Amino acid sequence: MATESVKYVSPETKSKTLLDIFRRPDQHATGIVDWLTTIDHKKIGLLYGLVALCSLIFGGIQALLIRSQLWGPNMEILSQREYNQMFTMHGTIMVFLVIMPLSAAFFNFIMPLQIGARDVAFPRMNALSLWCFVAGAIILNMSWFFTGGAPAIGWFAYSPLTDTGFEEVTRDMGPDFWVFGIQVLGLASLLASFNFIATIINMRAPGMTLMRMPVFCWMTLVVSFLIILAFPAITIALVELMFDRNYGTNFYDFLEGGKPHLWQHLFWIFGHPEVYILILPAMGIVSEVIPTFSRKPLFGYGLVIFSGAIIGFMGFAVWSHHMFTTGMGIVATSAFSMLTMLIAIPTGVKIFNWIGTMWGGKIRFDTPMLFALGFITMFMVGGFTGIMHSSVPVDMQQQDTYFVVAHFHYVLIGGALFGLFCGFYFWLPKMTGKMLNEKMGKVVFTLMFIGFNTTFFPMHYLGMIGQPRRTHSYNAGHGFEQWNQIATIGAFILGTGILIGVIQFMRSFRDKSLKPAGKNPWDARSLEWTLSSPVKEYNFARTPIIKARDQAWENNYGPRDLHSEKEPLDHHGVHMPDHSWYPLFTAIGFLVLVIGMLFHSSVGAEGEIIRNYTVAIIGGIIAITGMIMWSLEGPGGYHLFPEEDDE
Amino acid sequence: MIRILRLLQNIPAFLGLMVLPWLLGSCSNINHKQSTLDPKGIVAQNQYDIFMLSIWITIFLFCAVGGCLLFVLWKYRVKGEDDAKEIPPQTHGNPKIETSLILFSSLILVILAIPTLQGIVLFNRVPDPNDTEMLKKLKLERSAVEDAITVNVTGKRFFWVFEYPEYGIVTANELVFPASKAVRLNLRTTDVIHSFWLPKLAGKMDLMPGQENFIWFVADQEKLLFQTDKEGHKTPATIAEAMPAVHDGSLREAVFKDRSFFDEFDPVGGLFYGQCAEFCGNSHAYMQFRAMAQTDADFDEWVHRFQSLQAKEKPEQYNSEKAYKAGDTVLLKDSSLGEKAHREWQAAVDVDKGQAPEVGNEAWKKKNQDDYEMGRNHFQTSLCTQCHAVNSTGLGAIGPNLTLFGLRTSLAAGWMQNDRKNLTEWLRDSDKIKFGNLMWNHEVVKNYQPTEEEKDKGVVQHPVRELKNDPKKIEQLVTYLLGQN
């Protein structure tokens, strides 16, 4: 046995642990307690992935209901309001509960391994962001069960449709759940982002300079900065909306002199960087996969990173292209149109560089590579339609039609989701220690690729012949029927593909018949592939000293002086922190706080509003207590003494 | 087993044979009702031209980059197991290639950027009549922009108000405009955000609360002069055939003669379809409208009819102290129509004082049939007039203006054909057709006496809900409304 563990108890922690309400779980925790109290970045990553994949199925079912409703003219599978709820929740879930957390899953699991770190900088904060994310998901989906049901305001929630004066169900609570749900999800994203930035800046292994860092880590860094700069805008917007709805302020109430335009600006100052928050992680993944399967380093590494950063930077300067038809005047419209065209250039650069990477390589077509190629082609189509409506006169026709629906699904499914599936097929062997079934992977890819194009390509045409978005029904006689039917068939094929893929991912953790992966099954290039699969809980037995950009590749094929080394033994072993209940405890506090806020007001017998904040205050106290206890409990932990090469 | 496999092999061929012609067939016609690929006005044409330019640019880029990708994938694929183990040269990039690709893509964007900027100016401003060069470029007559008409468009949940400030008239859901003139649209809303989208003429522009937006269009008359048969084949047509007059009902007749409401192609070229394009609530999908091009003479006549109806004084109560001239109309209580009901009488000849209108008095004749009169009375007693204006501009009214309602082709904001059957259905249960419509759901109706049942429940219903149990009343209302022609 290679490892022995020694309980590590420092004197000051011992006295403070007396304050514990729960016995603090240590390395012997198993089962559900282990998962609920874990602060291991790998387990947290897997939990993110699990919740996100379940949400993907849920959001996908909503998409299929939407598609079924649009099968023919005047279908009555869903009522108007149900349909509006479906597209609102579909959008919100897919953005906030699927693509973002799937990216976070990879950030969590892979990034520390790629930079040679023991864990992220703040492991308990990492757990808090996970549980806040779960709390946000719960709040958002609680809306189905209360007055008015799920919100029917669109994922963009344009004011004044969210104003209580225009609600279609009396005391409709859907928008409130939406507001608080997004706030809590934003909190989760912010916590995670600060954590990732601190990790990447501070915790790189010796020799891992920024310009030796894998592109995926670079994209993690860029996306984290985007999140901490973009989420304050939506936070302000949501707080103002909350006050408008609950306390009679008039930020957006035009009858009182408020400005609905303000909401749109604040929403899209967040919303457009959000698009890059969704796509850049996938670009990072693809930038890892293509060099691996071409057996060549990334072409123009510096330029790829620079263009990623530039995309992130310029992402804050193009938000108004979502508002070309809101009457901003000639000057603003022209400026945003030109800036939007400009942003196509760094995006194009990435595609050139991926092709440059493959040029002269030895290209293998394993499932991750297929998804990466699917990503490039589909993202290209999405990018080209993006160029089309960067031209304002063209957008005057295409805005709010199915053309736009096609465009952003090409970017977000053909782009982001294909990229993330690519990541699953690429890194799951590292996570589970077992290779996925290659044949099954190719079936999933084929189904998804065909289904996706069958669904969304006809939508370009549908938009051009005049079908507007967000309409629950259409009349016969517009020529919409055939293409909608094709799209619906495609959606079911796509759904089947995704479902098989998700089942395959989940089964691979348990399936014993799968081939063991070994350390580096793909002959990949970055540092995580020098570790065993699955990765040991302590990641690196000794901190590696990095000598080159593609360290795993150089270790195998490079000259001797580029082989990585290891820090000398110092006999302290690897310090492992103890589990902690407090992240979960604090997140539950936030959940209670939000529930208290959601139900704080009721209508009295005389029609007056009675406000009762008891539950909210209790929630706040729980959250604050959690944070105090967490500060007092100290790192705790124990030491492991793995053998030098047991990693 | 083998047989099944062979059958399976035939599936692609089967799909190819069956599906492809079906797809191509439906693609061959792009002049659908709301097609942006079939522009009929100068602004929409400009938008279409830039769209086609962007299509060609992106097709070129897609072929170039995609072709390159395919070539690389084919040429550098792994051939056999030994090949897979080989290590290709580890090159890291080529700054020259990268820089030149960036420059090249910037150049391509400039090609798109210039017409984009020109287009932005075009749809934001009606060209100056003195800018002859511009007018020549756009192939516009000077008079078209000089005599441009103005329409104030107000979006409401879930219908459209069209006000013509220069003529002092108001209509709803069907925009009538002269084909030879530019039309300026001032866009406003009184509730949430809507978006005015008229694909074949103007593109779209949002109606923002607390703000007035602007868009304009002018039809390209030459492109309107055609007829379409049921399969969508176009044939040239005269002006009268392509743009039948609205004011005498010939458009309505032409559209409904041998077509159903749900046919893909209308016989006339001058009828356009539009729709609200910004999500505005439950019945967003049902917020549609139409626009009808007219010759100058027909448009003037249409305006004249509206003006005479909306400006004229309403008939007075019959006054026995007064003499009347032939043609005068008066109101007189008529209990045969119902309690508190009035009937319109028209003087056939000059009438002296004290000659009250009644049956048997040759000097007066009933202006309308009984059903119409009863419908009119219901219209007033059911408090419809609180929201709907008939024969007045009723600016600020909550519901659509119903002046000359019988000339309209569509009902419920473009959703159904305007005929007896649909109107009956609409009045019977409009919430079923257009869920969330404010006629059914609006609780604020003044002077409405709630029934005992409603008082018990504490819920005040809109009086229109009571019509459900009174088919006779509905029939009379329908007669009255469709009689507005």
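**Domains of chain A**

I'm working with a predicted model, where local features need pLDDT of at least 70, side-chain atom pairs count only at pLDDT 80 or more, and totals for chains, interfaces and linings use all residues. Residues are numbered from 1 along each chain as its sequence is written, with chains lettered from A and ligands numbered from 1 in the order in which they are written.

I then checked the contact, and it takes 28 residues from domain 1 of chain A and 28 residues from domain 2 of chain A; residues are in contact if their C-beta atoms, placed from the backbone, lie within 7 Å.

Which elements give two or more residues to the domain 1 side? I noted helix H2 (31-37), strand E4 (574-576) and helix H17 (582-598) of chain A. Helices (H or I, at least four residues) and strands (E, at least two) are DSSP runs, numbered from the N terminus. H17(A) gives the largest share of that side, 10 residues. By class, I have 17 nonpolar, five polar and six charged residues on the domain 1 side. Here Ala, Val, Leu, Ile, Met, Phe, Trp, Tyr, Cys and Pro are nonpolar, Asp, Glu, Lys and Arg are charged, and the others, Gly among them, are polar.

**A helix pair in chain A**

Next I looked at helix H8 (residues 260-294) and helix H11 (residues 367-390) of chain A, which pack at about 125° with axes 9 Å apart. Axes are lines fitted to C-alpha atoms, for helices over the stretch in contact, and angles run from 0 to 180 degrees between N-to-C directions. H8(A) and H11(A) are therefore oblique to each other (under 35 degrees is roughly parallel, over 145 roughly antiparallel, 65 to 115 roughly perpendicular, and the rest oblique).

Where do they touch? I found Ala282(A), Val286(A), Val289(A), Ile290(A) and Phe293(A) of H8(A) meeting Pro368(A), Met369(A), Ala372(A) and Phe375(A) of H11(A). That contact has nine nonpolar, no polar and no charged residues.

**A sheet in chain B**

Last, I followed an open sheet of five strands in chain B, ordered E3-E2-E1-E5-E8 with mixed pairing. Strands pair if DSSP finds at least two bridges between them. I marked strand E3 (169-172) and strand E8 (213-217) of chain B as the edges, since each pairs on one side only. Strand E5 (residues 183-189) of chain B pairs with E8(B) in the antiparallel sense over five bridges, and Arg184(B) stands opposite Trp216(B) in E8(B).

How values were computed:
Two residues are in contact if their C-beta atoms, placed from the backbone, lie within 7 Å.
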